Amino acid sequence: MPRLNKRASYLTLLLPAFIIYIGIIIFPILVSFGLSFTEWKRFKMTGFNGLDNYISILTDPVFQRSLWNNVQIMLISVLGQIPLGIILAYLLHRKWVRGTKFFEFMIFLPVTISSVVIALLWNRVFSPVGIYTTFVRMITHNPDYVVKIFESEKFAMIPVLLVLLWQYTSLYMVIFLANLQRIPSSVFEAALIDGAKESTIIWKIVLPALSTVIFTCSVLAISGSLKSFDLVYAMTAGGPVNYTYVMALYLYQHTFTFHNYGKGSAVSIIIVLLSVGLISLVRGIYDKAQKKFE
Amino acid sequence: MDHRMKTISHGWTVTAYIFLIIFTLITVLPVLWMLYSSFKPMGEIMMHPLRLPSAPTLANYRKAFEYGNLVVSFLNSVFYSGISTVSTVLLALGAGFALTKFGYKSSKVYFGFFTLGLLITVNSVITPLFIMETSTGLYNTRLGVVLPYIAFGLPMAILLSTSYIRGIPDALIEAAVIDGADYVQIFWKIILIVSTPVMATMAILTFLGNWNEFLMVFTLTSGDNMRSLPVSINSFAGRLNEDYGLQFAALVVGTVPMFILYLVAHESVIKGFGEGALKE
């Protein structure tokens, strides 16, 4: 009886979570995989078409541009947000300034605001009556200045990237700060007494101590940048033309505007594969770097 | 030596102040500008974009509440985020208890399955999820939003709960078993009580994530009465809206609830995010 009781309790505690999780995440992924090989016309599945969806997606210039834009988002996340986050965390951690709690509180604020609000706010900031535009007009004495970068085929992503930097840098700052606080303060003191330079402290103590969490953050940043949708949708909706299209928008368009569920699913699978591939790549780099340090 | 160190750290202090102050201004100024502009009429925003309101007015808010469907959306957001956060936290603690303290071999497999979910994003399942919900009648219902919210909250929550519950001494549970308590009682009376610190972290991360979520409500609901705050704000105050005052008011309404929570609980919020990524 107690044995049965234990097994039953185990399942009672575990299964509700497991069933919801399997039903809503794992099962649909499998369905997605199957659907990605099917052809759809006017809301109806008309049969299997092998790799046609994948081929038509990968050869579509709009998808290629989306992919490139996602790569840019990834680069700004991994090479912008994370290093800036480390710098901010370090400046706060060394207690060179007073009011570290105040700075932390203020800088973290954007993480609590929804992407939609952030997108619309920054659209206003860059608009002809925005603070950015007005400010530039004041310094340059050019009352007709307007932000034109949005229309640029090459650089239309730049405002989006800057906003992403604004939105998420402090998330990494907070994560790194929490980890810096786990380094015993005696380590810093000993280094300072030995007359170690700040750069030595950073390279020999801080970065090795943070290496694992830098890896975790990179994984977070990569999977986050491949899924970005809200901010881009609310800020530019992929426009003008398709200059700021991202993969998730491309997916949205095929599934919800054209009701081509086959093609939409194929985009999903491509995103999953990219995500797994890139994370394994980062994992490999991390393992190599670990070995070098040891 | 001492003197040299002082000048060096003095230099760093100045650098740190400059860097942090610039960063803080860039962060806060747009938000402040949004806040005070929401009290200006459209004409004044056009004429003097940076000036503080000369005669602050609530007209923008009145209009925003009248046409923006904001009250219903706010209540929906509270419902979606609240129900799914409570469910996610309870389910994750239950699963965390089962996976760490029962010693079954299958635990590892289950745990592996759950952590796999950390890599899966909403857009990789949204197409089949949409088809499933339209064919089962869950589309455009509150349950149809809450269930995916719970599912997507579980992987991170289970990661946090297992690593915390693993640290609870087995003796505590064994003593209760000897006293004749069954496992479900142990869960309610011991695990839940002992786990309050991690519960707070889980609840904050889950709630904030759900509150600001956009894609699922946007694609899995259609009626105005089902929309959450971010979705309503986007359709009401979106890019095509030309009344800036009204738009600012709506954006402020979208920001204030979370800001109040942040103001009250910023220590736990910052701690939650800082520690959320630690647990590996």
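Predicted model: local features only at pLDDT ≥ 70, side-chain atom pairs only at ≥ 80, totals over all residues.
The space in the largest cavity comes to about 40 Å³. I also counted cavities of 30 Å³ or more, and the structure holds four.

Then I moved on to the second largest pocket, where I get about 730 Å³ of space. I count 25 residues in its lining, and Trp122(A), Val125(A), Tyr132(A), Ile26(B) and Pro30(B) lie nearest the centre. What classes do the lining residues of this pocket divide into? I found 25 nonpolar, no polar and no charged. From chain A, α5 (115-126), α6 (131-140) and α7 (157-180) each supply at least two lining residues, and so does α1 (2-37) of chain B. The largest share is from α1(B), with nine residues.

Last entry: a helix pair in chain B. I looked at α8 (residues 170-178) and α9 (residues 183-194) of chain B, whose axes come within 11 Å and cross at roughly 145°. I have the crossing of α8(B) and α9(B) down as right-handed. On the α8(B) side I see Leu172(B), Ile173(B), Ala176(B) and Val177(B), meeting Tyr183(B), Ile186(B), Ile190(B), Ile191(B) and Val194(B) of α9(B). By class, I get nine nonpolar residues in this contact, no polar and no charged.

Key: Residues numbered from 1 in each chain as written. Chains lettered and ligands numbered in written order. Heavy atoms only, no water. Axes fitted to C-alpha atoms, helices over the stretch in contact; angles between N-to-C directions. Helix = DSSP H or I, 4+ residues; strand = E, 2+ residues; numbered from the N terminus. Left-handed = near helix turned anticlockwise from the far one by under 90°. Contact = heavy atoms within 4.5 Å. Nonpolar A, V, L, I, M, F, W, Y, C, P; charged D, E, K, R; others polar. 1 Å grid on protein atoms, 1.4 Å probe; cavity = no way out; pocket = protein on both sides within 12 Å on 5 of 7 lines; lining within 4 Å. Points joined across faces, edges and corners; volume = space filled by probe spheres on them.
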